[in-house]
Amino acid sequence: ECPPNLPIVCSQSLSGKMAQSAGFKVCVVGGAGGIGQPLSLLMAMDPLVSELCVYDLTLAMVPAAGVAADLSHINSRAKVSAYAFDKDDK
C-alpha cells in the first residue's frame, strides 16, 4: 500500500507494489548562488522530482544555464531547465 504522505507520486499497481506515476516540479529561485547550487543538486538527485527549474538573475557570478547544464549530466529522471532574469524585469 502507498504511504499516506506520498499520495501524488505513488499509485497502487495490480501486483500490489508501489509504482511512481508522477513527480514533483521543483523551482529553485537563486539556484546559481552558493546555497542554491547544492540545493539544486540535491533536488536533481531526488527520485521524486521529475522536473527541476533553476532561476537566478543575469548578474549572478555563475549563470543559471551553466548550473542546469551541469545538473543535466546527472543520471536522474529530473528534466532540468534554466531561467535567467534581469534585475529590472517585472
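1. A polar contact is a pair of N or O atoms within 3.5 Å; within protein, one must be able to donate a hydrogen and the other to accept it, and residues adjacent in sequence count only if both atoms are side-chain atoms. In this predicted model, the side chain of Asp56 reaches the backbone nitrogen of Gly33 at 3.5 Å.

2. The model is predicted, with local features requiring pLDDT of at least 70 and side-chain atom pairs pLDDT 80 or more, while totals for chains, interfaces and linings use all residues. Residues are numbered from 1 along each chain as its sequence is written, and side-chain values use heavy atoms, leaving out hydrogens and water.

3. Asp56 is placed in strand E4 (strands, at least two residues, and helices, H or I, at least four, are DSSP runs numbered from the N terminus).

4. Two aromatic pairs are found in the whole structure (Phe, Tyr or Trp rings, the six-membered one for Trp, with centres within 6.5 Å; planes under 30 degrees apart are stacked, over 60 edge-to-face, the rest tilted). Tyr55 and Tyr83 are stacked, at 4.8 Å centre to centre and 20° between the planes. Because Tyr55 lies in strand E4 and Tyr83 in strand E5 (residues 79-85), this pair ties together parts 28 residues apart in sequence.

5. Tyr55 and Phe85 also form a stacked pair, with 5.7 Å centre to centre and 5° between the planes. Tyr55, Tyr83 and Phe85 form one aromatic cluster.
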